[in-house]
Amino acid sequence: MTLYQATEDEKGLSIVPARYAGRWVMAGVVVLGVVLLGYGMVTNQRFQWDVVGEYLFAAPVMSGLANTLLLTAVSMAIGIVLGIGVAVCRLSPNPILSSAAWAYSWFFRGTPLMVQLLFWFFMAALVPKLVLGVPFGPSFFEISTNTLISPFTAALLGLALNEGAYMGEIVRSGIRAIPVGQTEAAKAMGMSRLQTMRRVILPQAMRVIIPPTGNETIGMLKYTSLVIVIGYSELLTSVSIIYSRTFQTIPLLIVAALWYLAVTAVLSVGQYYVERHFERGFTPHKAAKPAAAAKAAPVHAAAVALASGPEAELEKVK
Amino acid sequence: MKEPIVRARDIRKSFGNVEVLKGISLDINAGEVACLLGPSGSGKSTFLRCINHLEKIDGGQLWVQGERIGYRRSGNKLHELKEHETAKQRAHVGMVFQQFNLFPHRTALENVIEGPTVVQRIPKEQAIEEGRQLLARVGLADKANHYPGQLSGGQQQRVAIARSLALKPSVMLFDEPTSALDPELVGEVLDVMRSLADSGMTMIVVTHEMGFAKEVGNVVHFMADGQLVESGDPHQVLEDPREPRTQAFLSKVLA
């Protein structure tokens with residue numbers, strides 16, 4: 001029996017895509033809106049763009065920005081480390097550890113960050129002296145709480161401890177997303193619990209953990225502005241000091257907003273690269289750069305790979 | 001009589017109220033290929049997982065190469081070993097899973113050298129060289145730098161076998177190694193297992209591949225309802241079973 005051959009008429013008719021008038025109308029509305037917004041921003045004198053330009057790189061704004069970045073980076077770093085600890089404790093078979101981790105999350109997620117910041121700042125009222133020594137026994141070292149808790153340390157404690165509670169949940173969800181077979185395979189190879197976590201579970205969990213952590217970092221960048229209540233001089237504090245003197249409120253708030261936007265843009269780009277790094281092995285369609293030998297006929301490839309390019313491939317593995 | 005590689009005596013295991021192993025006793029000798037057959041739910045996979053202590057046994061005693069697994073005896077008591085002690089015991093027992101369980105974030109070669117470098121602390125260069133030889137042995141030398149996601153199921157399972165062999169185990173456990181594979185990929189994995197058996201490796205294989213059991217197996221253990229029903233030469237058990245439960249199972253499978 002011969003295979004059926006399609007006739008010319010059955011073969012190549014050209015395809016006309018469907019057209020949607022509604023989409024064009026919506027697009028027109030959006031473009032019009034954007035144009036009006038831009039026109040207003042340029043022509044409305046009260047934006048005072050000249051003042052914005054004047055203060056955008058002013059020294060107090062720069063130092064405020066530097067403090068914001070420092071606070072964001074250190075709080076996030078501590079928050080992430082705390083979060084991993086909290087998550088591992090939550091998933092621990094030890095009931096005391098897991099309930100302690102749960103209680104930590106409950107407390108720090110359940111009270112307003114502003115309250116926590118004020119609380120740390122006024123800690124001296126609750127605990128006037130901090131003592132290092134044997135519990136209920138002799139003390140070796142004492143320090144007044146007010147000396148230790150500066151606006152910076154209070155801000156750091158407040159932001160980092162709060163962040164740790166949220167990061168704990170994010171890390172936990174990442175760990176739980178990894179199939180149990182991965183743990184079993186690692187166990188079967190004789191890996192310890194720590195090795196399994198570090199080499200098998202966390203690297204894969206990072207894929208799940210990174211996007212919400214990017215969210216948290218961008219959130220943290222802006223939450224740092226809350227420390228204005230305890231008088232630490234970050235970006236928003238700096239501009240508010242200036243506009244309370246010059247009454248140029250709007251342009252100075254725009255200065256702050258522009259910087260927050262710029263940093264967020266940089267963070268988003270960074271997140272893209274971090275995500276790409278942990279995407280290793282999870283993008284099946286993008287083939288790994290094939291080793292030279294892999295192009296050889298598959299039957300002999302085994303022998304060829306060993307004979308031809310082991311040095312080059314050794315480099316890759318390292 | 002030489003000490004068997006695996007000696008199991010009256011192994012019992014329950015999940016909640018369900019007793020899945022009701023006292024299994026058997027020996028696996030060096031160089032033997034033992035196939036565990038039986039209907040699903042008969043406890044054969046659970047028994048396999050007990051051998052490397054992925055499942056804790058609730059009763060009975062188990063030795064691998066004369067070493068008691070999971071417990072230390074003093075007097076009439078068995079003290080549970082700590083995790084790092086059982087981890088050490090597991091490295092002598094290789095395991096291949098139904099779902100391969102390769103580490104998806106590591107290439108084929110990185111998967112194979114993971115155990116030697118991390119658990120046995122062998123120098124990386126040496127592990128890489130041995131890893132390449134193992135990949136060549138399973139016919140995948142050209143896939144060393146591929147990630148598991150870029151390999152077919154059969155290729156992944158062969159990498160998983162190489163990964164287990166890298167730890168130089170004294171016995172290999174296979175938990176339905178071909179059940180998750182497309183039919184046309186089963187052969188390549190069975191071929192690797194056959195050559196492994198020919199090289200003298202002691203193997204315990206939970207499988208539904210009757211042909212493999214008959215051709216490669218030295219002994220077949222038929223399990224049902226958590227009990228060992230019948231053991232013997234593969235041809236005898238599969239072609240002329242004595243027990244009614246074995247007969248019933250085989251008549252369904254071979255029908």
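This is a predicted model: local features need pLDDT of at least 70, side-chain atom pairs count only at pLDDT 80 or more; totals for chains, interfaces and linings use all residues.
## Two helices side by side

Let's start in chain A, where helix 11 and helix 12 run roughly antiparallel to each other, because angles over 145 degrees count that way and theirs is about 165°. Helix 11 of chain A covers residues 235-246, helix 12 of chain A covers residues 249-278, and their axes sit 9 Å apart. The crossing of this pair is right-handed.

Who touches whom? From helix 11 of chain A come L235(A), L236(A), V239(A), I242(A), Y243(A) and T246(A). On the helix 12 side of chain A, the partners include L252(A), L253(A), A256(A) and W259(A).

## The largest cavity

By the rule used here, there are three cavities of 30 Å³ or more. The largest cavity holds about 60 Å³ of space, and its lining draws on both chains: A185(A), A188(A) and M189(A) are there, along with residues such as F97(B), R163(B) and L167(B).

Which element gives the largest share of that lining? Strand 8 of chain B does, with three residues. Helix 9 (180-188) of chain A and helix 5 (153-165) of chain B each supply at least two. By type, the lining has seven nonpolar residues, two polar and one charged.

## The second largest cavity

Next comes a cavity of about 40 Å³, lined by V64(B), Q65(B), E67(B), I69(B), Q89(B), H92(B) and V93(B). Its lining splits into three nonpolar, three polar and one charged.

Conventions:
Residues are numbered from 1 along each chain as its sequence is written. Chains are lettered from A and ligands numbered from 1 in the order in which they are written. Side-chain values use heavy atoms; hydrogens and water are left out. On a 1 Å grid over the protein atoms alone, a cavity is a set of points where a 1.4 Å probe fits but cannot get out, and a pocket is an open set with protein on both sides within 12 Å along at least five of seven lines; lining residues have an atom within 4 Å of a point. Grid points are joined across faces, edges and corners, and a volume is the space filled by probe spheres set on the points. Helices (H or I, at least four residues) and strands (E, at least two) are DSSP runs, numbered from the N terminus. Ala, Val, Leu, Ile, Met, Phe, Trp, Tyr, Cys and Pro count as nonpolar, Asp, Glu, Lys and Arg as charged, and the others, Gly among them, as polar. Axes are lines fitted to C-alpha atoms, for helices over the stretch in contact, and angles run from 0 to 180 degrees between N-to-C directions. Angles under 35 degrees count as roughly parallel, over 145 as roughly antiparallel, 65 to 115 as roughly perpendicular and the rest as oblique. A crossing is left-handed if the near helix is turned anticlockwise from the far one by less than a right angle, and right-handed if clockwise. Contact means heavy atoms within 4.5 Å.
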